[in-house]
Amino acid sequence: MRVMLHAHIDTEAGNEAIRKGTLPQMINSVIEQLKPEAAYFFPNMGRRSCMFVFDMQDSSQLPPVAETFFMELGAEVEVVPVMNGDDLKKGLASLQSRA
């Protein structure tokens, strides 16, 4: 299932990770784990944020990634199912067969 992970990083924890040089390593590790189809990094509501869209094969993939953000960056993490345009078309087409 395609999901989006959105992490809002605690400012002080993010500052410390940058000072120690661990933030790039942590982000690279997450990218290697998830192999996302998209990864974005941006300021949101005054905090560093990142968003990854990836295929979650099994819900057991979530704890290792989410805990990295919780424990290392004091982040708030949201994970939601998402669709691309093709997914939406397929879902809407299945509704047509019911009508």
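Guide: Glu-32 counts as exposed because its relative accessibility is 58%; here exposed means over 50% relative accessible area, buried means under 20%, and partly exposed lies in between, with a 1.4 Å probe and protein chains only. This is a predicted model, in which local features need pLDDT of at least 70, side-chain atom pairs count only at pLDDT 80 or more, and totals for chains, interfaces and linings use all residues. Residues are numbered from 1 along each chain as its sequence is written, and side-chain values use heavy atoms, with hydrogens and water left out.

Glu-32 belongs to helix 2, which covers residues 23–34. Helices (H or I, at least four residues) and strands (E, at least two) are DSSP runs numbered from the N terminus. Between Glu-32 and Asp-55 there is a separation of 23 residues in sequence and 13 Å in space, C-alpha to C-alpha.

Thr-68 gives a contrasting case: this residue is buried, because its relative accessible area is 16%. Thr-68 sits in helix 3, residues 62–73. Leaving aside residues up to four places away in sequence, Thr-68 touches Met-26, Val-30 and Leu-73, where a contact means heavy atoms within 4.5 Å.

Now to the strands. Strand 1 spans residues 2–8 and pairs with strand 3, residues 47–55, in the antiparallel sense over 7 bridges; two strands pair if DSSP finds at least two bridges between them. Within this pairing, Met-4 has Val-53 as its bridge partner, and His-8 faces Ser-49. Strand 1 also pairs with strand 4, residues 76–81, again antiparallel, over 6 bridges. There Ala-7 stands opposite Val-77.

Why is strand 1 described as largely enclosed by the rest of the structure? Because 6 of its 7 residues are buried. His-6 is a part of strand 1, and His-6 counts as buried because its relative accessible area is 11%. Not counting residues up to four places away in sequence, His-6 touches Phe-42, Asn-44, Ser-49, Cys-50, Met-51, Glu-76, Val-77 and Glu-78. In a regular strand, side chains alternate between the two faces of the sheet.

Strand 3 has a further partner in strand 2, residues 38–44, with antiparallel pairing over 7 bridges. Ala-38 stands opposite Val-53 in strand 3, and Val-53 is also the bridge partner of Met-4. The hairpin of strand 2 and strand 3 has 2 residues between the strands, and Met-45 takes a positive phi near 50° there.

The whole chain comes last. The protein chain holds 4 helices and 4 strands, in the order β-α-α-β-β-α-β-α from the N terminus on. Its radius of gyration is 16 Å, whereas a compact globule of 99 residues would have one near 13 Å; the radius is taken over C-alpha atoms, and the globule rule is 2.2 Å times the number of residues to the power 0.38. Along the principal axes, the C-alpha atoms fill a box of roughly 60 × 30 × 15 Å. Of the 99 residues, 29% are buried. Among contacts between residues at least 6 apart in sequence, 71% join residues at least 24 apart.
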